[in-house]
Amino acid sequence: MIYISPSLLAADFSTLATEIKKVEQAGAQYLHLDVMDGAFVPNLSFGPDLISSIRKCTNMLFDVHLMIKRPERYIDRFVKAGADIITVHYEACENPMSVIHLIHSYEMRAGLAISPKTPVEHLFPLVEHIDMALIMTVEPGFGGQSMIPETVDKVATLRKYCAERGINLDIEVDGGINADNVSILTSAGANVIVAGSAIFKAKKPRAVISAMKNSAPTSFR
Ligand code: DX5
Ligand code: ZN
């Protein structure tokens with residue numbers, strides 16, 4: 001199954017409720033929420049209070065991507081705000097395994113993200129303990145960048161590693177993805193697709209979301 005997770009970072013912040021309804025009605029199942037701390041990444045976005053206030057706008061699954069140093073300090077705040085999946089960065093945790101345990105202790109789904117320069121092999125010992133891996137396809141920090149082609153191989157390597165061991169892992173990809181390049185990633189084995197600009201700035205978001213869902217090999221849809 002392919003899940004589409006529009007990144008709210010690309011929405012018009014002056015009309016958030018309308019923007020959220022727009023992508024929900026266009027067929028998105030998840031809403032991707034990029035939290036940036038100005039330290040792990042050179043940008044600031046929003047935090048748990050905003051997430052908590054938009055929780056009442058939609059039943060879409062809240063896919064919270066924490067670009068925060070030492071995220072264990074804030075997990076409880078995002079749980080209370082209404083997150084469904086909490087993804088932390090491998091590079092931002094002193095002990096990724098203990099943060100995964102912490103997220104699971106709240107009965108939340110736990111994701112682990114790697115930035116483009118981090119080898120995918122670092123995820124291997126952890127894949128049995130997480131619900132989702134996030135392979136960043138741009139350097140985290142900003143929407144509207146171009147997808148880095150070298151990241152596609154990391155998706156394929158991780159999918160193969162999991163398939164050989166019978167592990168049914170969600171693999172999410174994030175950054176610079178649009179209706180034209182998404183099939184390279186879904187063919188490599190990604191099944192959760194984040195797209196900000198390509199969906200929120202589209203004239204016909206429903207068409208973009210359908211094209212993204214249909215980009216996967218038939219066995220995946
Ligand atoms: C980058 C964020 C992405 C970004 C995606 O740090 O994690 O979610 O907003 O935006 P686009 O699809 O515009 O690259
Ligand atoms: Zn993101």
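User: What is the relative accessible area of phenylalanine 13?
Analyst: This is a predicted model, where local features need pLDDT of at least 70 and side-chain atom pairs count only at pLDDT 80 or more, while totals for chains, interfaces and linings use all residues. Residues are numbered from 1 along each chain as its sequence is written, chains are lettered from A and ligands numbered from 1 in the order written, and side-chain values use heavy atoms, without hydrogens and water. Buried means under 20% relative accessible area, exposed over 50%, and partly exposed in between (1.4 Å probe, protein chains only). Phenylalanine 13 therefore counts as partly exposed, as its value is 41%.

User: Happy to move on to the rings! How many aromatic pairs are there?
Analyst: Rings of Phe, Tyr and Trp (its six-membered ring) pair if their centres lie within 6.5 Å; planes under 30 degrees apart count as stacked, over 60 as edge-to-face and the rest as tilted. By this rule the number of aromatic pairs is three.

User: Is the pair of tyrosine 3 and tyrosine 30 stacked or edge-to-face?
Analyst: The ring centres of tyrosine 3 and tyrosine 30 are 5.0 Å apart. Their planes meet at 15 degrees, so the pair is stacked.

User: Which strand holds tyrosine 30, the partner of tyrosine 3?
Analyst: Helices (H or I, at least four residues) and strands (E, at least two) are DSSP runs numbered from the N terminus. Tyrosine 3 belongs to strand S1 (residues 3-6). Its partner, 27 residues apart from it, lies in residues 30-36, which form strand S2.

User: How many residues apart in sequence are phenylalanine 13 and phenylalanine 46?
Analyst: These two rings form a tilted pair, 6.2 Å centre to centre with 55 degrees between the planes. Phenylalanine 13 sits in the loop between S1 and helix H1 (16-25), and phenylalanine 46 in the loop between S2 and helix H2 (48-54). The pair therefore ties together parts whose separation in residues is 33.
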